[in-house]
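My notes follow in the order I took them.

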Amino acid sequence: MGLTAIDLGLRGATSGVFLLIILVALPRHAAGQQALLGMAISAGGVFYAITTAPFFPKSSWWWVLPILSAQPALFWLWARAAFDDDFVLRRWHGALWLGIVAFAFALTLGWAYWPALAGAGGRGLALVNLAFALAAAAQTVKTWGADLVARRRRLRLAMLAMNVGLIAVVASAGFAAIPVAVPGAPGSLPTALALFMVAMIAGVGTFAAQPAAAVNEATAAIASGRRRGADRTPTGRVVVDPRVVVDPRVVVDPILLRRLDHLMSVERTYRQEGLAIGALAARLDVPEHRLRQAINEGLGYRNFNAFLNHYRIEDARLALSDATQREVPVLTIAMDAGFQSIGPFNRAFKAETGVTPTEFRRDALSRAEISEPRREIG
C-alpha cells in the first residue's frame, strides 16, 4: 500500500499542476494557438493521470483509451506551434485528431468480435503514435539553432527528453498484450513519476514566462524596416539610440547593434550562403549567446532566419523594382539576396509583402512606367 499511496500522491500533484497550467493559459487562448494546444495537452495529462491510476475501473477503458491514443498527435501540434514561429493551426489538424480518436474507438469496439484484426490495428496505431513522437522530436531539433529566445532554447532539451519518452512508452502499449500502466500493476508507479516530471517541467515553462517587453523605438525601426526621419543619418541608414533598453534588467549593447547593422546593411553579410548565427558572432567577435540576446531583445526577432530574411527580402524588393534588372530571372535575384532556392524565397516574400515576387515586380515596374512621363513633363 505504500507504493500505491506514493503513486496516487504523484498523480494528484500532476493533476493539480496541469489544472493550474490550464487556468493560467485560459486567458491567453484567444491570442495564441500554442496556449490552446497547451491546454488540450494539460487536460489530456489530467485525464491520463486519473484513468491509469490504481483502482480506476477497467470498465471505463473502452472510451478512455481512444481519447488518450490521440495525445501524441496533440503533442506534435504543440511542438509545431511552440518551436515554429510560422506555424498556423489548420482545420485539417483537428480532423486528423478526430480521425485518430474514431479509429481507436473502432478498434476498442471491435476487440470483442475481431481480436486479431483489432490487434493488428492497435499495432498500426502504435506505429502512427511513434511517428508523431519522432516528428515532434525532429521539430524540436530542426529549429533549435535558429531560435533566439533563451528561455525557449533551455526548455527544448527537457521537453524533448521527457515528453517524447512518455509518448514512446504510451505508444508502445499497442504492441503489448495488455495496455501499459495497468491500474495497480508495477508499471503504474514509473508512469506516475514520469507524468509528474513532465507536469513540473511544463509548469516551470508556463509560470516562469515573463511578459514580453516593449522593444525600444530605435531598434524596432531596424527590426520592422520603418523609416523615421529622426532615426536616420544623412546616408539614410538607421541609427541605434544609445539608450537601447528592452527590460529594466537587460541593457542591449548599442555598439554591438551598430556593428551588426553595419555588417548587414553595408557589407551585406546576409548574402553569404548558409550563414549561421555562430559564423555571424565570429565575424563580430562576440559570444554567440550575446548576439542572440541582442537580436532577440534588442531588435525583437524570435528566429535568426526571420532576421536574415528581413534584409534579404528588402534586397530583393529593390532589385525587383529596378527597371534595369527587368530581364534578370527571379531565381537569380533570390540567390543573389542569400536564398538557396526559389521555394523558401517565394514563401518568405509573400509572407512579408502579401504578393508573389513576380506580382511585386509587375506592379512596381508598372508604377515606374506611369510615373516616368510625369517627371519628364515636369
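I began with aromatic pairs, taking rings of Phe, Tyr and Trp (its six-membered ring) with centres within 6.5 Å. The count comes to 10 aromatic pairs. I picked out phenylalanine 75 and tryptophan 78: their ring centres are 5.9 Å apart and their planes lie at 20°, so this pair is stacked. The cut-offs are under 30 degrees for stacked and over 60 for edge-to-face, with the rest tilted. Both residues sit in helix H4 (residues 71–83), 3 residues apart, about one turn of the helix. Helices here are DSSP runs (H or I, at least four residues), numbered from the N terminus.

A note on the source: this is a predicted model, in which local features need pLDDT of at least 70, side-chain atom pairs count only at pLDDT 80 or more, and totals for chains, interfaces and linings use all residues. Residues are numbered from 1 along each chain as its sequence is written, and side-chain values use heavy atoms, with hydrogens and water left out.

Next I looked at helix packing. How do H11 and H12 cross? The axes of helix H11 (residues 277–284) and helix H12 (residues 288–299) come within 9 Å and cross at roughly 100°. Axes are lines fitted to C-alpha atoms over the stretch in contact, and angles run from 0 to 180 degrees between N-to-C directions. H11 and H12 are therefore roughly perpendicular (65 to 115 degrees). On the H11 side I listed Ile277, Gly278, Leu280, Ala281 and Leu284; they meet Glu288, Leu291, Arg292 and Ile295 in H12. Contact means heavy atoms within 4.5 Å. By class, this contact has 6 nonpolar, 1 polar and 2 charged residues. Ala, Val, Leu, Ile, Met, Phe, Trp, Tyr, Cys and Pro count as nonpolar, Asp, Glu, Lys and Arg as charged, and the others, Gly among them, as polar.

I then checked H12 against helix H10 (residues 254–265). Their axes are 11 Å apart, at an angle of about 90°. That makes H10 roughly perpendicular to H12. Leu256, Leu257 and Leu260 of H10 touch Arg290, Leu291, Ala294, Ile295 and Leu299 of H12. I found 7 nonpolar residues, no polar and 1 charged in the contact of H10 with H12.

Last, I asked which helix gives the largest share of the lining of the second largest pocket. H13 does, with 7 residues. Helix H9 (217–224), helix H13 (304–320) and helix H15 (342–353) each supply at least two. The lining divides into 12 nonpolar, 10 polar and 7 charged residues.

Conventions. Parallel < 35°, antiparallel > 145°, perpendicular 65-115°, else oblique.
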